[in-house]
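Hi there,

Have a look at it first, then read on.

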Amino acid sequence: MKHVVDPVVKIVLFIKARGLNHRQFITPQEDIGSDHSDVLDQTGVRWLSLGKVLRRVWGLKTEILLFLEIKGKDTEYPQLREPEWLSDLAFAVDLFEHLNELNTRLQGKGTFAHEMYSTVKAFRMKLKLFSRQLSQNITTHFPTLETMAPQIMSTEKYTNMISTLDNEFARPFADFQKLAAEFDILSFPFTADFEKVPDALQLDWIDLQCASTLKEIPI
């Protein structure tokens with residue numbers, strides 16, 4: 001997504017670089033009651049905050065273009081007038097929001113490794129769903145992209161990007177994949193096959209599962 005991210009970051013930094021530019025941009029938006037009166041609360045653009053940046057820029061794209069025209073800088077960012085690039089931006093907005101949701105679920109104290117593995121496993125399943133649906137021009141889970149005209153969308157390119165992202169997830173989590181059976185036991189202790197449990201724990205596991213079953217029987 002470099003061809004999308006780089007221009008967005010440059011635009012944001014231009015607006016934020018000089019206080020006068022920033023004030024000139026934000027004041028008219030406040031006057032008209034824009035839902036997104038500022039581009040970014042902070043200039044740090046890491047990938048985890050990038051989703052918020054993309055969403056802000058998307059929401060303000062018309063106002064940003066007008067501001068750049070006033071500043072005589074609009075010719076430096078022709079992408080804001082290109083339907084295909086705007087479609088790619090819309091796709092990026094939705095994709096990064098899915099990534100931010102994943103990040104939120106992975107954070108927090110007291111999260112065990114098998115829970116994180118299940119979260120990543122579910123996300124990779126979602127990526128496969130996204131890829132299959134986009135190949136059929138189904139944009140249910142990409143609401144921003146859905147606002148673009150179908151003939152503008154390059155769904156083949158988007159499915160390839162998602163497949164690449166899935167492969168990127170496969171590499172760092174390869175070691176976790178080797179522990180998939182153990183993680184499944186921890187995730188579903190009452191339904192897991194006790195024969196897959198380490199030998200030393202099998203009897204205790206049978207007792208645990210039977211005790212759980214007895215509790216479900218109404219008295």
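Predicted model: local features only at pLDDT ≥ 70, side-chain atom pairs only at ≥ 80, totals over all residues.

How many aromatic pairs does the structure hold? There are four, where rings of Phe, Tyr and Trp (its six-membered ring) pair if their centres lie within 6.5 Å, with planes under 30 degrees apart counted as stacked, over 60 as edge-to-face and the rest as tilted.

Phe91 and Phe142 are a stacked pair, because their planes stand at 10° with the ring centres 5.5 Å apart. This pair links distant parts of the chain, 51 residues apart: Phe91 belongs to helix α5 (residues 83-106), and Phe142 to the loop between α6 (113-135) and α7 (155-170). Helices here are DSSP runs of H or I, at least four residues, numbered from the N terminus.

Phe142 also pairs with Phe130, this time edge-to-face, at 5.2 Å centre to centre and 80° between the planes. Phe130 lies in helix α6 and Phe142 in the loop between α6 and α7, so this contact ties together parts twelve residues apart in sequence.

Phe142 counts as buried because its relative accessibility is 1%, and Phe130 does so at 4%; buried means under 20% relative accessible area (1.4 Å probe, protein chains only). Phe91 is buried as well. Ring pairs join Phe91, Phe130, Phe142 and Tyr158 into a cluster.

Residues are numbered from 1 along each chain as its sequence is written, and side-chain values use heavy atoms, with hydrogens and water left out.

Best wishes

Definitions and conventions
Helix = DSSP H or I, 4+ residues; strand = E, 2+ residues; numbered from the N terminus. Buried < 20%, exposed > 50% of the residue type's maximum accessible area, 1.4 Å probe, protein only.
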